[in-house]
Amino acid sequence: MTPSTHPPDPHGHSHSHGPAAPVSRHLRKVIAAVLVPFATAVVVGLVVLWPGGTPAHERTGVGFDRQTQQGQVVKIEKVDCGAVNAAQVPPTGDTSTPQGREAQRARTGDCEKATVEVKSGKDKGRRFVEVVQPDAPRQFHVKQDVVVAYAPDAPRDLQYSVTDVDRTMPMALLAGIFALAVIVVGRLRGLMALVALVISFAVLTLFILPAILQGSNPLIVAVVGASAIMLIALYLCHGLTARTSVAVLGTLISLLLIGLLGSLFIGWASLTGNTDDNTGLIHGLFPEIDMSGLLLAGVIIGSLGVLDDVTVTQTSAVWELRQADPTMGPRALYRAGIRIGRDHIASVVNTLVLAYAGAALPLLLLFSIAQSSVGTVANSELVAEEIVRTLVGSIGLVASVPVTTALAALVVSADRPEPSGGPAPETAAGAPSGEPSGAPSKGPLGGLRTRGGGGGRRRKK
């Protein structure tokens, strides 16, 4: 009983904790026949739609569309608000309104006069004064880094103003801690995940956003860009394997479902995608952009990250179940995998809904203050957009579990690994070809069995 005459033990310790066994050449060809045309179409889409850069436009000086420079607070003085005209009480003296009361408090309190020095640009070293009211949400301190806006057409004394605080250092430190934690825990796979994250961000900023601004269809751009991100991220993080390919197929089918449902309900609900100052500014600067298409593109891209998690988890679960019990057929694998998927569905859907609710918490609080009914809140376009986004994405997530589980069960069950340097395939009689009929071999549970000419008897371990 030499190693060359016995198949490997499917229940051995190394199989329980090692990577999945490679699939047969025939199955790899079948998977490649599906994925290679898809990957080719994605590459062609990237080449055809590649924008070549963000289109130039004349800055409006509104919102984010302003010239900005770096600055630093160099001096702060306490001054009387009335002396610097920080606020004006209504001409009627009416302080019964919130605006009137706020103006009255601002006039009678102590304001801060911050001297800010420009640290970048052609006016580096230039100083200007910013008056901060006592109840302003943003207060300054000396040596604080800030972002200043530059308005070249304004009078000289009003050309610069503070727009925000410079948060480069805390954000960079937080990103460094995140990267370190991912690498320490995930090791090489964590490093690959970070590389995939950088590439995904590059696809978003270098392809998706400029292509939409150039006037390309937002839905087509989102599908091509999301597919490129999916292929790069999944294969880079999980390897060029059949298991990853099944996850890619499950993700692709789910994305198509999300796109169809999103397109249907965004049109049916008459959602324009133009609901706030930022989207209004985009529409004003680039009126040719389809804002409802942009909303649908956001739904697809926003769902991609969670879809990857679900499909990879389900595929890995089915593969591990198969290795744990190679006798399981596709139906048994599907039933076992879907039981795992149900727990995943409950947690992921709850996470997605809470994520959107948390992002819209100020808006929901405003509706609560106004004592609006649930129907009124849900019917407003601003909230209806988030509802459609959440529900369409959740439907895609839910559908990805049975779809991916079924694909994985069928693929892993159809696999017939080809022997290399081991026993030849079994004959119809059950004995490997070329093996003596009386030679002992391992049974399905690792025990020894002996085959005779017309039958076999099992020897106890």
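Biologist: Which helices each supply at least two residues of the lining of the largest cavity?

Modeller: Helix H9 (330-359) and helix H12 (381-414) do so, helices being DSSP runs of H or I with at least four residues, numbered from the N terminus. This is a predicted model, in which local features need pLDDT of at least 70 and side-chain atom pairs count only at pLDDT 80 or more, while totals for chains, interfaces and linings use all residues. Residues are numbered from 1 along each chain as its sequence is written, and side-chain values use heavy atoms, with hydrogens and water left out.

Biologist: What makes the lining of the largest cavity nonpolar, polar or charged by class?

Modeller: Ala, Val, Leu, Ile, Met, Phe, Trp, Tyr, Cys and Pro count as nonpolar, Asp, Glu, Lys and Arg as charged, and the others, Gly among them, as polar. The lining consists of Val310, His344, Ile345, Val348, Val349, Leu397, Val398 and Val401, and by class it therefore has seven nonpolar, one polar and no charged residues. H9 gives the largest share of this lining, four residues.

Biologist: Why are H5 and H8 called roughly parallel to each other?

Modeller: The axes of helix H5 (residues 218-238) and helix H8 (residues 291-324) cross at roughly 20° and come within 9 Å. Angles under 35 degrees count as roughly parallel, and H5 and H8 are therefore roughly parallel to each other.

Biologist: Which residues of H5 and H8 meet?

Modeller: Among them are Leu219, Ala222 and Ile229 in H5, and Leu296, Ile300 and Asp308 in H8, where contact means heavy atoms within 4.5 Å. The residues of this contact divide into 15 nonpolar, two polar and one charged.

Key. Axes fitted to C-alpha atoms, helices over the stretch in contact; angles between N-to-C directions. Parallel < 35°, antiparallel > 145°, perpendicular 65-115°, else oblique. 1 Å grid on protein atoms, 1.4 Å probe; cavity = no way out; pocket = protein on both sides within 12 Å on 5 of 7 lines; lining within 4 Å.
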